[in-house]
Every structure is written in structure tokens, then in C-alpha cells.
Number of protein chains: 2
Amino acid sequence: MINDATKHKLRDIFGKVNLLDSTEDRIAYSYDGTPLFGSLPDAIVIPAAVEQISLLMKLANEEKFAVVPRGSGTGLSGGSIPTENSVVLLMNRWDKVIELDRNNLAAWVEPGVITGKFQSLVESHGLFYPPDPGSSQICTLGGNVAENAGGLRGLKYGVTKNYVLGFEVVLPNGDLMRIGGKNMKDVAGYNLKDVLIGSEGTLGIFTKILLRLIPLPQTSRTMLAFYDSMAGAAETVSSITSARIMPAMLEFLDNSTIKAVEDFARLGLDTNTGAVLLVEVDGPRSAVEEDAAAIEKICRKSGAKAVRVAGDEAEGMKLKAARKSAFAALARIRPTTILEDATVPRSELASMVDFIETTAKKHEIRIGTFGHAGDGNLHPTGLTDERDKNEIRRVEGAFDEIFRRAVDLGGTITGEHGVGLAKKKFLESLYDTPFIRFMKTTKEMLDPNCVLNPGKVISVSPRCEGALPRSREQIEKALGRMDNPSEAYF
Amino acid sequence: MINDATKHKLRDIFGKVNLLDSTEDRIAYSYDGTPLFGSLPDAIVIPAAVEQISLLMKLANEEKFAVVPRGSGTGLSGGSIPTENSVVLLMNRWDKVIELDRNNLAAWVEPGVITGKFQSLVESHGLFYPPDPGSSQICTLGGNVAENAGGLRGLKYGVTKNYVLGFEVVLPNGDLMRIGGKNMKDVAGYNLKDVLIGSEGTLGIFTKILLRLIPLPQTSRTMLAFYDSMAGAAETVSSITSARIMPAMLEFLDNSTIKAVEDFARLGLDTNTGAVLLVEVDGPRSAVEEDAAAIEKICRKSGAKAVRVAGDEAEGMKLKAARKSAFAALARIRPTTILEDATVPRSELASMVDFIETTAKKHEIRIGTFGHAGDGNLHPTGLTDERDKNEIRRVEGAFDEIFRRAVDLGGTITGEHGVGLAKKKFLESLYDTPFIRFMKTTKEMLDPNCVLNPGKVISVSPRCEGALPRSREQIEKALGRMDNPSEAYF
């Protein structure tokens, strides 16, 4: 627990109104989008200037408390969950687009800008910022850069790191560093930029970000294809890329997810469908027409029993609703929703979906799977109840097998959600020793006192390991409601 | 100098025929594409298996000699120039394409595969590997990855790192590490992959590389536009991107380069032209027609006095010859050609070209400038004679000012050639202290004995600094021709 003298110093830095430490505030910032993890911070600070963030990091190093940066808290691996003895650094009020440079196709933004708002802004200028994580209407660009967020357009357009030209960042020791610029090519020195991107708030705090933009595609066309089984959908995915067509979106839903979506959104989907593919092509008008026609043909040839092609953008939005509501629809079914992102090479898609189904049955749990078929990025989603310790153990057993299988198939334990707290044990057990050693040394080099978001991604020392978040019971205890803890939490 | 006992151990590892140490061989590997630098290695080794490379690195750490990896030796910053007490590790016989995976759009290659050959191979399958450094007909993919090579298609398609999915690499301690896979998304842990890419042979030796491919564009259209001054060409570049068109190539030549090219290749270029733009658009047929027409209009509106549009691919190749022969044409004029790559934001193109011209005049030297207008990546090329120490000092003075100006304009000291030996002093003097510290610590962490390509990119310790290459006089001395050293070298 941070002592009163330290809190006094924090008030000196941030001002009284920008330090929150009531029980209510501490509970509000005790969790993020990740189930099963939660821990009370000692305080929350809201910075108004970059100098305050530098002073905060200097104080954290002197007094050995942890700083946990946070945007909108939509992360799914526990990256912004407070640790013991920690202060949450709230960046979401830094929400200005500082410069939109149409000549250099670049924009300077503050880290708290909402991704979706930024996309709308640049699109109104005929420009395009492609990365689109599922939470784009809520999440922040700073969080996206910290997690190297992916999204629906990964296959054709890549992920967040492909659009970061540079940034200004406060390092764990409080130093302000500026890196990169409006240069489309830059090989001056080792690539520190791409190490900080995706470092999940453990190596630096982004205070300004320079993003690359591209011209907005002229038009797009959306379609849904319905299959009896996942095999047909997977064959379609392979055939589309083999035909050298690169859709902007190539998404799928399995039968469990289709049922959940129909039950939730009443879109008129046939709930006996084994799998649905959502395909969107974009680009110049004539090319889009050609590609859409070719894809429709491929879908039917691969066994689609029906294909619905949107006549216009409004109808396209309706078709996309099926995919976009998948998470919300699944989340209604049971109290706890564990959204994972095991990723495999595209060619292993059908085999991996099969394995997930079999594994769910074996462990007697419910998993609905949907995700980015085009880039092999699956979201097997465990539907469970965290109050049922026995079921949670079975869910954990199933995901353990799923992650191992993904790695065995040449895949990865996380395509876009990050390691955070949720995947740490898999990273350390399934990856190469030199890789793990490099990661630890990098953390120790930039954050020798382990004060910036400690315990996330990797454990560098027992001291930092001690900063692991505790269970929700801690929070319930703070509220004095331990008699019936689970009911009391929300 | 490596002693006989060590050479004996090297022969045990590589076999007698795969260790070269005659004076002739040592001279043949004493230089690369970089002028002004050269130094004799003690030996050259040719590995046949990855285990030999591991053993070599282990021996180097035990006996404290340097290992300098080398592909085709086309580098322009001195990355493959031998250092004192060094063994050159020759990778260019590792030239197999191991796997072409058309379903996952990926290929495993050995590092010695020639870039241009690989491009032809994948194009024969309707696929595309966009990075195309100027030396693509000679350089190797391993060298491209080590330098994060750029090329003519950077604006639209990015650079080498955008196409590397993973690799197998021997670390400086001899450990073999495999990283990445056929996954379009992967955020498992800190991004070590992108630190090794572009580390210029100082952090690891690539033994297998997994490259990402994309569908081959349907067609392309090439044109040349002629201007009275660079200002009109720069205005065209801005107008094209503002019109949200993304050409596959957007290159320029200044008047000095045009004169040199015409003198060399007799293409019928008007040598009174102030600047020439080469533009190529690619993509679906109909979109290419539209874009080409729009660009031609923009060129004329921005003051082009003539625009030549190629009717077909063969004619396009002819137009590209003007740009592609620029380096060879300039290199004929004086004995020593110093090809640089100061890079600025696209909007600063005209101002930077002006500055280069003024600076050349001020220092009474000749510089021809050409390069990648679309991504602000300029190649100011000093035409000089290394035997004229006085002129070389003036050339160095001019480039010193040019690099400083590039950084002042928000640019970088190297867009695609790397730091190597040639840019070290600029990196250390013009970049942020935390960035330099990070680089040094990274090198020390992965290569504590500083045995892998020491003295390149950054200096980590006085001992490594001692491994700096010496002048060509050393080589001439080895040949016993010090009486008239400069004449004797070639």
C-alpha cells in the first residue's frame, strides 16, 4: 500500500482533483476487459502534461511503487489490471488529434483518441486508418499501439504496427524519448520503435503517436456465405487466396456462434448452418465488382448452400452485424466470457476449429468460435461462470490444450490480444529460451526497478512476480462483503 | 591476426576447401559496395550446415576473433567490411528456395537466394515479393533482411521488414533460435523479430527466412514526366498523394543525373530538363488506366513540359531504364562514387534537393541526386576521387551538412542503406541519448564479447572500437605496393 507521504507527493504533481483514491474509484479501475483477473489500485492519477508523467515515473523509481497505464480498459489479456502497490495512470483524457498532414499522409494524435472516432475523422478527408480492433468504438489508439492491436482487416492491411511511424514516449525511468518521423523509410539504428509497440505498457508510456494513413478505398462490397460445415468455409478461404484475391475482411462464425447471434440479434440466420463466412472486398469500383463475382463463384463451388451479396453499403452493414455482434451475443449466454485468440497458419484453420470443438466436448464446457479466417486468427470463446471453480478448472484445461495445439500447428498463443497476465505461463513454457531471455533482459534494461506495469508479459524477478494481481476477493473484502463474495462484486 | 592453432580449429569445423586464406582471397573479400572503406580479413569460411555456424560463433567467443557475415557484398554503408582479427562468413552459397506455400502465401528461403531470382520465381506462380533494392539482380535476401532493404516500391508496398514472417537465426553465442511463423498476426511477447531485421549482421546470422508474399498485381503502367525544375516535380509528387493515388513507383532524377544517364545510355532524354519523374502504377487493369490518366493530368498541371506514357510493358522497361541506370551512369564520371540516402518527409523533397545543390556548390564538389520521390528517400551521389584527400574532405564536409539538414527537416540519416561504418558518427551525434543507450545495451546483451560484426552501427566498448576497419593502405601494404598505393589497388 502506498503511504500517505507518497500520496502527498502525488497530489503535489497532479493536483488534488486529479488524484482519485476513494474505494468506489479504486473499484472502478480494478479490472479491465479480461475475465478472472482484478485487483485494487491504491490510487488513480489523471495527468495534464507530459512532465507530470515523467515526475510520476521518477517518484515510482524512488519510492518503488508500480505504475499501470490505462486507456479505455478494453484489453483482453489483463494488460491494464492494477498490481499490488500500484497507481493507475489514466490516459484517456488525452484525446486530441494534434495534426492531420494530408501531404505526408500522416497524423499526430494523443494516445487517448478513440480509434473509431479517428477513423471517421480521417475518412471524412478521403483517408484511411485500417486497423480496426473489435472494440474500435471504445478503445484508444494508445492502447492499440501498446497491444499492437489487430482486427478485421489484418489479412489485407496488416495490424497497428504497420501504421505507426513514430511516437513520443516516457520511458520507465521518466526520460522522454522521441522516435521515428514522417519518413516512409528509416533504418537508422536498431528498431526500438517496434519493440515498444506491442510491449503492453511495460516498456514505455506513449504520450504522442505519429500514424501513417493511406488513401480511402473507392468502394467495398460485402457478402455472407452459409455452409453445412466448417470444412467448406475453410476450403473457400484457401481458394480465395489461391485465386490471388485479397479481401479486406474474411471472417467466420461457427454453429454455436451463429445460434447465439440469431438468438441475440434476430437477423434471420439459419441456425442449422455449420459455418458462416463474411467476406468484404474493397478497392477501385471495377476491381471490387470483379472480385466479388469471383468470390461468390468460389463460395458456391466450395459448397456454400447460400450466398447473400449486399446491394449497397447499408445492406453490407447489416450483413456485418452478424459478425460484429458475435462477442456480445456469446457474452449473454453465461456469466463469464473468456475470449481467446489462438492463431494458426491459414491452412490449418479447419483442423484447428475441429480440435477446439473436440476439446470443448472432452472437457464438458461450451466454446463458441469465430474470428478472422483470412489470417488464421481464431477467437474460441469459453462460456462459463467464474463462481463455479470446478468448471473454471475445466475451461483452463481446455484452453491449455488449445494453445499447445496452436503452437504445434505452427501458430501462436496470441494473434492480437497480447500476453498480459492471461498468457504468461504459455509464453514462458512454449517459447524458445533465447527469446524469453531477450525479453527479460530488455525489461530489466529499460526498467531496472520494475515499476512500469510489473508482472505483465513476463516475470523478471520474484519481486515483480509478487506484484501479480490477486483475485476479486480482495476487492470484495475492501467492500466488506465477504459473506457472499461473488454476488457482491457487481 | 588469428593464429595458426585457431585456423586449425576452423579447418576442423569447415573442412580444408572451405577455409580460404590466400592473399588473393583475402583481398577479394576486403571490401563491399561502400567506397572509402576496406580491410583484410584473416580468413574466409564457407559453411555447409547450420551446426558449423554455431560452432564458429562458439569458437569466436572462446578465442575472441570477429565474425563478419556476408552475402553478395553489395551493401553501401560498410556492413560486410571485415574488421581487424576477423573471419568472413560467406553465406551466398545458401541459395535454395526451401518451400513455396501458395495456400499461406509464404516462402521459406535460404539467405543466399538472389532477390531478383526469387522475385522471378514467385511471379511465375502469380505471386509477388515487392521489396526491390537497386541491386536486386545481385544482392541476397539474407542481406536484404539484415539491412531491412528498401527499394523502388517502398511508398505503396513498404520495405523488407513488412515481408518477413519469421526466421531461423544463429545468435552471437552460437544458439540457434527460431522466431515467427506463417501467422499474419502474432503478438506473443516483445518484438525481437523486428530488432534482428535491420540489425546489419551485428545481432544474428540468418540461416533460413520465412517471407510473406502477396498476389501479383494484374498489370502496370509506366510514364516519364519532364520538368524545367525540381519544384514542378515535387509539386507533382504532392498532388498525386493528395489525389489519394498510391503509385508503385514515384522516382526522380535531377539535371546532373539526367545528363549522366543520357551520356551513358543514349535514351534520347533532353539534357536541358531540370528534373524527371518516373511514375508506375499497378493493380487491376481498369484502376491502372484511371490512375495513369489522372497522373498524366496532374503532371501537366504541375508544369511538366512533356509526359511519355509507355504503351506496354516493354516500353515501360525502356522508360525505367533511365532511372535504373542512374547509379551506373553517375559512377562512370569520376573514380569514386559515394551513394548516400538521406531521407526526408515527402513534403520536404524540393527543399532538400535545393539544399543539396547549394551545399555541393559551396564545397566545390559534384553531387548528382536521384531517388525515391514518393517516400522522400534521396540518393545524393558524390562524384569524387578518393586519391584526392583534399576533395574527399570537402565531400565529407558537404555530406555532414546534408545529413544534419535531413534530421532538422524531420528526416533520417539513412532511409535504406543502413548505418554500418559510414553513418556511425551521425547516428551517435544526431540521435536521442535513450535510443543510443538502448542500442548499446541490446548489443551487449546479445553479444557480450562483441564478436559478431563488431564496430558496425554503434560502438559498444573501446575494444570493439579497436576493431574498426583500417584504410586501403593496409591492403596495399599486404601486396607490397606502398610506393604508389592508390594506383596499385585495382
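In what order do the four strands of the open sheet in chain B stand, and in what sense do they pair? The order in this predicted model is E1-E2-E4-E3 (chain B), and the pairing is mixed. Strands (E, at least two residues) and helices (H or I, at least four residues) are DSSP runs numbered from the N terminus, and two strands count as paired if DSSP finds at least two bridges between them. Residues are numbered from 1 along each chain as its sequence is written, with chains lettered from A and ligands numbered from 1 in the order in which they are written. Local features of the predicted model need pLDDT of at least 70, side-chain atom pairs count only at pLDDT 80 or more, totals for chains, interfaces and linings use all residues, and side-chain values use heavy atoms, with hydrogens and water left out.

Strand E1 (19-20) and strand E3 (66-70) of chain B each have a single partner strand and stand at the edges, so one side of each lacks a neighbour in the sheet. E1(B) pairs with strand E2 (residues 43-45) of chain B in the antiparallel sense over two bridges; within E2(B), Ile44(B) stands opposite Leu20(B). Helix H3 (residues 50-63) of chain B lies across E2, E3 and strand E4 (86-90) of chain B and runs at about 150° to E3(B). Axes are lines fitted to C-alpha atoms, for helices over the stretch in contact, and angles run from 0 to 180 degrees between N-to-C directions; contact denotes heavy atoms within 4.5 Å.

In chain A, seven strands form an open antiparallel sheet in the order E15-E12-E14-E13-E17-E18-E16. Strand E15 (306-309) and strand E16 (336-339) of chain A are the edge strands, each pairing on one side only. From one strand to the next the twist averages 15°. Strand E17 (residues 366-372) and strand E18 (residues 377-384) of chain A run antiparallel and are joined by seven bridges, with Gly368(A) opposite Thr381(A) in E18(A). Two helices of chain A pack on this sheet. Helix H8 (residues 230-242) touches strand E12 (219-227), strand E13 (249-254) and strand E14 (275-283) of chain A, its direction making about 20° with that of E14(A). Helix H10 (residues 285-301) touches E12, E14 and E15 of chain A, at about 5° to the direction of E12(A).

The contact between the chains takes 87 residues from chain A and 88 residues from chain B. The buried area (accessible area, 1.4 Å probe, that two parts lose on being put together, summed over both) is about 6400 Å², of which carbon and sulfur atoms give 59%. On the side of chain B, Lys185(B), Val187(B) and Tyr190(B) lose the most area to chain A, together 17% of what that side buries.

Eight salt bridges (a side-chain nitrogen of Lys or Arg within 4 Å of a carboxyl oxygen of Asp or Glu) are counted between chain B and chain A. One of them links Asp175(A) and Arg437(B) at 3.2 Å, N to O. Over all chains, the count comes to 56 salt bridges. Among them, Arg153(A) pairs with Asp132(A), the closest N and O atoms being 3.9 Å apart. This pair links distant parts of the chain, 21 residues apart: Arg153(A) lies in the loop between helix H5 (141-147) and helix H6 (154-157) of chain A, and Asp132(A) in the loop between strand E7 (127-128) and H5 of chain A.
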